[in-house]
Amino acid sequence: TIYAKDGKYGDMDKPRKFEFDSISFSFQSSLCDVPICLIDTPGVNNSEDIKHSTKTYSVIEKNDYDLLLYISNAKYFDTSDERIALSTILTKCKKPFLFALNQLDSFDPEQDSISEMLEKYRKMLVEIGFRKPNIIPVSGYAKLLLDKPDSELGETDILNKKYFEQIFSMPYFDLP
């Protein structure tokens, strides 16, 4: 749901509620010469709103895309909800898959093993039926901070940026 203040949709002082199935945007990439279009659908495991999964599965069934990018939380993967979602996606999607495991910044090198977690995630995907899954470990929060100049960050974000610069220079985070 989007809340927008726009004169052509009524009183500017009263936000209007819009329902939509997905958001898409295109951009130029350094990876290729043609624009890339991303379609972002709601998460399928939101138990507070069953419409999220219905909308997402509807977009997936249309197969009007070139690749499905599935993003999982690296600290909380392999839940029963995620297995159901992945099994459903496997049967409905007729396109290639790419898996992103997000939130690597929450891993502690002294207590967690990213390589073990990636292997567990790969095994889970294979158990569900994905053959040779491509998994990309990522940290969206770290990338956001590392790309911004310090002048655009608050004090806490600057400390976090210095932390990420330090930990991502460690061999522990140097993943193929």
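Mentor: Let us begin with a term we shall need for the lining of a pocket: a pocket is an open set of grid points where a probe fits, with protein on both sides within 12 Å along at least five of seven lines, and its lining residues have an atom within 4 Å of a point. Please also keep in mind throughout that this is a predicted model.

Trainee: Which strand gives the largest share of the lining of the largest pocket?

Mentor: That share comes from E5, with six residues. The largest pocket has a volume of about 1200 Å³, and 33 residues line it, with Leu38, Ile39, Leu68, Leu69 and Tyr70 lying nearest its centre. At least two lining residues each are supplied by strand E3 (23–27), strand E4 (36–40), H1, E5 and H2.

Trainee: What is the mean pLDDT of the protein, and where is confidence lowest and highest?

Mentor: The general idea is that where pLDDT is low, the predicted coordinates should not be read in detail. In this case the mean is 77, and 77% of the residues reach 70 or more. Confidence is highest in helix H3 (residues 114–128), at a mean of 91, and lowest in strand E1 (residues 2–4), at 45. Over residues 1–12 pLDDT stays under 50, and the model has 21 contacts beyond four places in sequence for that stretch.

Trainee: In what order do the strands of the open sheet lie, and which of them stand at the edges?

Mentor: The three strands are ordered E5-E6-E7, and their pairing is parallel. Strand E5 (68–73) and strand E7 (135–137) are at the edges because each has a single partner strand, which leaves one side of each without a neighbour in the sheet. Neighbouring strands are turned against each other by 25° on average, with direction ignored. Helix H2 (residues 80–92) packs on this sheet and touches E5 and E6, while its direction makes about 175° with that of E5.

Trainee: How many bridges join the strands of each pair?

Mentor: E5 and E6 pair in the parallel sense over six bridges, and leucine 68 stands opposite phenylalanine 97 in E6. Strand E6 (residues 97–102) and E7 also run parallel, and three bridges join them; alanine 100, for instance, has isoleucine 136 in E7 as its bridge partner.

Trainee: Which residues of E5 belong to its covered face, and which to its uncovered one?

Mentor: In a regular strand the side chains alternate between the two faces of the sheet. In E5 the covered face holds Leu68, Tyr70 and Ser72, whereas Leu69, Ile71 and Asn73 make up the uncovered one.

Trainee: Is phenylalanine 130 buried or exposed?

Mentor: A residue counts as buried when its relative accessible area is under 20%. Phenylalanine 130 has 3% relative accessibility, so it is buried, and it is found in the loop between H3 and E7. Leaving aside neighbours within four places in sequence, phenylalanine 130 is in contact with Leu86, Leu90, Phe97, Phe99 and Leu125. The C-alpha atoms of phenylalanine 130 and leucine 86 are separated by 9.1 Å, although these residues are 44 apart along the chain. Threonine 56, in helix H1 (residues 51–62), is also buried, with a relative accessible area of 4%. Beyond its neighbours within four places in sequence, threonine 56 is in contact with Thr41, Pro42 and Val44. For the protein as a whole, buried residues make up 26% of the 176 residues.

Trainee: What phi do asparagine 63 and lysine 132 have?

Mentor: Most residues other than glycine have a negative phi. Asparagine 63, although not a glycine, has a positive phi of about 50°, and lysine 132, also not a glycine, has a positive phi of about 50°. Asparagine 63 lies in the loop between H1 and E5 and is buried, at a relative accessible area of 16%. Lysine 132 has its place in the loop between H3 and E7 and is exposed, at 77%.

How values were computed: Residues are numbered from 1 along each chain as its sequence is written. This is a predicted model: local features need pLDDT of at least 70, side-chain atom pairs count only at pLDDT 80 or more; totals for chains, interfaces and linings use all residues. Side-chain values use heavy atoms; hydrogens and water are left out. Helices (H or I, at least four residues) and strands (E, at least two) are DSSP runs, numbered from the N terminus. Buried means under 20% relative accessible area, exposed over 50%, partly exposed in between (1.4 Å probe, protein chains only). Contact means heavy atoms within 4.5 Å. Two strands pair if DSSP finds at least two bridges between them. Axes are lines fitted to C-alpha atoms, for helices over the stretch in contact, and angles run from 0 to 180 degrees between N-to-C directions. pLDDT is the predictor's confidence in each residue, from 0 to 100. On a 1 Å grid over the protein atoms alone, a cavity is a set of points where a 1.4 Å probe fits but cannot get out, and a pocket is an open set with protein on both sides within 12 Å along at least five of seven lines; lining residues have an atom within 4 Å of a point. Grid points are joined across faces, edges and corners, and a volume is the space filled by probe spheres set on the points.
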